[in-house]
Structures are given as C-alpha cells and as structure tokens.
Amino acid sequence: MSASSQIPVPAHTLAESMLSRRFGRETANYFSSSPINRLSFLRGDHPFLSSALKHPSTQFVVLNNLAPLTRSPAELYYAKYEELRKLIPQDFFDQSEEELIKAYDSRKTYPSLIFLGLDESRKEENAFAHKIYSGAPCFAVDVTPKGSEEQQSAAKDIISEMESKGLSFFQTRIVTTFTPDEAAIYAQARALTDWNNRNTFCGTCGNPTLSVNAGTKRTCPPTDAARVATGQPIERPACTTRTTLSNLCFPRTDPTIIVAVVSADGKRVLLGRSKRFPPNWYSTLAGFIEPAESIEDAVRREVWEEAGVTLSRVVIHSSQPWPYPANLMIGAIAQVADPAHEKINLEHDPELEDAKWFEVEEVEEALRIGTSDLSSGPGPEYKGGLKLPPPTAIANQLIRAAISKDYFHYEEKTSKM
Ligand SMILES: [Zn+2]
C-alpha cells in the first residue's frame with residue numbers, strides 16, 4: 001500500500017476554494033472521513049431503526065472484546081442479521097424508547113447493538129431507503145460473552161460459527177491495515193462499544209443505566225421493576241441527572257494535542273521518544289488538553305513541560321479520531337521564535353526518554369524509508385537512523401507538513417492568485 005492510499009481522500013480535500021488557496025489542502029487523517037452518514041437525528045426513531053435492522057442489505061460490524069471480526073488483517077467482515085439472530089432479537093426496536101425506559105428492569109440484560117448510520121458508498125439496487133436517505137444500514141454488535149446465561153451462550157455460538165467460517169477476531173493493539181473507509185467504520189464501532197461497556201452505571205447516583213438513542217446515549221431510568229421484587233417502591237431514589245434537560249450520559253471524547261515543532265530558522269524539527277518506543281523511533285510531542293485550557297495553551301504547556309522548549313505561534317493543522325479509547329488528536333504545527341528558546345530540558349516532566357532537534361534532510365529520509373508502526377519494522381530500504389510513525393498516524397502527517405515548503409511559504413503561492 002502506498003503512503004497516500006493509507007489516508008482518506010474525500011472530495012472536499014481536493015476541492016478548490018478561497019480558503020483552500022489561502023491555507024492549503026485539508027488533511028483527512030486515518031480513522032476519519034467515514035463513508036457512513038450517521039443520521040444522528042434518526043437515532044430515537046424506532047420504526048426507522050427497526051426497518052433498518054431487518055433490511056437485507058444491512059451490515060454488522062462484529063466486535064469481541066473490541067477486536068473486530070475480519071476476513072484477513074486487511075479486511076473487515078460485515079455480518080448479516082441471520083448470523084446474529086441468536087443474540088439480537090428481531091423486535092429489538094419494536095417498542096418506543098419511552099416504553100423501554102418505562103419498562104426498565106435492571107435484572108434484564110441487553111446485547112449491545114449500536115446504529116452507526118447508512119453506508120452511502122453502498123447504494124446497490126435494493127439499497128435501504130428512508131425518506132431522502134439511502135445506503136446500507138450499518139450497526140455494531142458486541143459478541144463478547146456477557147449478560148444473561150442465554151445471551152452468553154448465544155454470543156459463544158456466534159463466535160464459534162464465525163470462526164468455523166475461517167473468520168477471525170483481529171487481535172492487534174492499533175489497526176493500521178484496513179482501508180481508510182473500513183478504519184473509520186471500525187473506529188466508530190469500537191469507540192461507542194467501549195464507551196457503553198464502561199458506562200453501565202450512572203455517574204451521579206451509582207445505579208445501573210440503560211442504553212438509548214441506538215447505543216449513543218445512556219439514561220438513568222426513574223423506575224426499576226427489580227426494586228418491586230425486593231419490597232421497595234418501583235421509583236428509584238432521586239437523581240439530579242433526571243431533573244435537568246441533560247438527563248442523559250453522552251459518549252466522551254478526550255481532546256489531546258499533538259504537535260510538530262519547527263526551529264526558529266525553519267530547518268529543524270523537534271521530536272521526542274518515550275521508553276516504550278523501539279530503538280531510533282521518534283515522534284511528535286503529545287498530551288491531554290486540561291480543563292480551562294485552549295488548544296494553543298495546551299500545545300505550549302506540553303512542549304515546555306516535556307522538552308523545555310518555549311513556543312511562539314501555534315497553528316492547528318488537522319485532527320484525528322483515535323478510538324483507543326476515546327481521544328481526538330488535535331494536530332498542530334508550532335514554531336520557536338527565538339533560537340534561545342530551543343534549548344532542550346528534559347528535567348521538568350520525566351515523560352520523555354529523549355527529545356532532539358532533527359535536520360529536515362534526516363526527517364525527509366526517515367519519512368521516505370524509515371516509517372513503521374510500533375509493532376513492526378520499517379521496509380527493506382531502511383539503512384539505520386531515524387524511524388518515524390506511519391502515514392496512518394497524524395504524527396506522520398504533521399511532520400510532513402512541518403517540513404513542506406508549501407506549508408511555510410503560502411504567500412508565494414497566493415501572490416499568483
Ligand atoms: Zn442516576
């Protein structure tokens with residue numbers, strides 16, 4: 001696979017506009033730019049979800065302990081409803097959301113079924129259509145054996161049936177082998193499944209929650225039929241999540257900054273490495289954005305804390321959803337204004353084992369022949385020296401941009417307008 005085919009190229013990134021002439025082409029990173037139209041406004045519409053669940057074109061991304069079901073490490077397997085019917089009852093969405101909340105009984109367990117949206121890249125002749133929207137409905141199903149005994153045995157049966165077809169649950173720390181479209185679909189399925197699994201109890205009152213909105217929200221129901229069985233009133237104790245407008249728990253996204261830092265003269269790039277990286281492998285600096293901090297503040301703080309370098313201008317370049325478990329990597333390019341601010345000091349925060357300024361020429365060569373993910377090595381052309389993350393990582397795209405003349409000399413380009 002060539003470097004460019006590993007990241008998405010949606011039409012808008014190539015389209016000419018005043019903004020694209022001023023700021024350059026937009027970078028769409030791996031795990032973003034899904035072919036799925038999420039149709040978030042239809043997630044509470046159970047008649048819509050019910051017909052989507054039963055349509056013959058509907059495809060299911062199947063996860064077992066978050067590992068995706070695949071034909072090969074490079075290809076996601078989309079299951080059909082028939083293959084999952086033991087676990088997912090056909091009437092899953094036949095009751096309205098309101099009725100489901102009213103009938104809540106914490107003794108019952110439900111399989112995790114999440115509506116991801118309509119895959120608009122699959123508009124076959126008999127595609128599913130609802131009003132003006134059409135495509136293949138896409139759901140994520142968690143087949144990790146859990147819940148009631150019946151559910152556990154259904155999940156185990158599905159796992160062994162899938163494996164007997166030669167399919168397997170792809171065990172890897174970070175997926176980098178799927179096509180950009182499938183990577184984005186998997187990212188959405190993984191992030192939402194993981195969030196549902198981690199939020200089965202209300203963060204305010206501690207009682208169990210119920211998944212609603214097709215798996216994209218969780219609610220703390222006001223009643224629980226299980227209480228009656230123990231002689232308590234059906235109403236649960238008051239929970240402040242029910243008295244306000246936001247009586248729901250929403251999936252979280254944790255913003256993280258990641259930055260390629262350029263020296264004052266524009267000829268060197270600051271990279272760092274942690275102890276867990278393979279030898280010679282360096283990357284851009286990164287860290288979580290803290291409460292009450294702007295993206296630019298977080299970039300300047302992280303780079304100073306980890307490397308002792310003081311930054312001036314910070315420009316946001318692109319972003320990358322990172323479903324491990326719920327990050328949004330906000331990629332920036334930043335520059336030091338004064339050579340005196342380039343001095344590296346690793347003594348503030350011991351997070352990095354090393355940080356170094358690399359000449360642009362060395363970085364260019366590493367981008368050409370020395371990239372690999374953390375678990376594999378670079379290609380046969382690699383002759384030693386600097387190793388960098390692969391194109392599927394936003395770090396790679398940021399480093400590319402930071403050493404690109406196009407990025408730093410837009411004035412020359414715009415003068416031709
Ligand atoms: Zn609650």
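**Close-up views of a predicted model**

UniProt lists residues 251-387 under "domain: Nudix hydrolase", in an unreviewed entry; UniProt positions follow the numbering used here, feature names are shortened, and annotations may be inferred rather than shown by experiment. The model is predicted, so that local features need pLDDT of at least 70 and side-chain atom pairs count only at pLDDT 80 or more, whereas totals for chains, interfaces and linings use all residues. Residues are numbered from 1 along each chain as its sequence is written.

**View A. The annotated region, residues 251-387.** Over residues 251-387 the chain is 17% helix and 31% strand, with the end C-alpha atoms 35 Å apart. Helices (H or I, at least four residues) and strands (E, at least two) are DSSP runs, numbered from the N terminus.

**View B. The largest nonpolar core, with 91 residues.** Such a core is a set of buried Ala, Val, Leu, Ile, Met, Phe, Trp, Tyr and Cys residues joined through C-beta atoms within 7 Å. The residues that touch the most other members are V61, V259, A260, V261, V269 and L398, and helix α6 (residues 180-198) gives the most to this core, with nine residues. Leaving aside neighbours within four places in sequence, A260 is in contact with V269, T284, I333, L398, I399, A401 and A402, where contact requires C-beta atoms, placed from the backbone, to lie within 7 Å.

**View C. Helix α10 (residues 394-402) and its cover.** Eight of the nine residues of α10 are buried, so this helix is largely enclosed by the rest of the structure. A residue is buried if 20 or more other C-beta atoms lie within 10 Å of its own, exposed if 12 or fewer, and partly exposed in between, with C-beta atoms placed from the backbone. The cover over the buried residues of α10 includes β13 (254-262), β14 (268-273), β16 (314-322), β17 (327-335), α9 (360-369) and α11 (405-408).

**View D. Strand β6 (residues 113-119) and its partners.** Seven of the seven residues of β6 are buried, so the strand is largely enclosed by the rest of the structure. Two bridges join β6 to strand β1 (residues 36-37) in antiparallel fashion, and N37 stands opposite L118. Six bridges join β6 to strand β8 (residues 133-142), again antiparallel, and D119 stands opposite A136. Two strands pair if DSSP finds at least two bridges between them.

**View E. An open sheet of three strands, β10-β11-β12.** The pairing in this sheet is antiparallel. Strands β10 (210-212) and β12 (248-249) stand at the edges, each with a single partner strand, so one side of each is left without a neighbour in the sheet. Three bridges join β10 to β11 (residues 217-219), with V212 opposite K217.

Definitions and conventions:
Contact = placed C-beta atoms within 7 Å.
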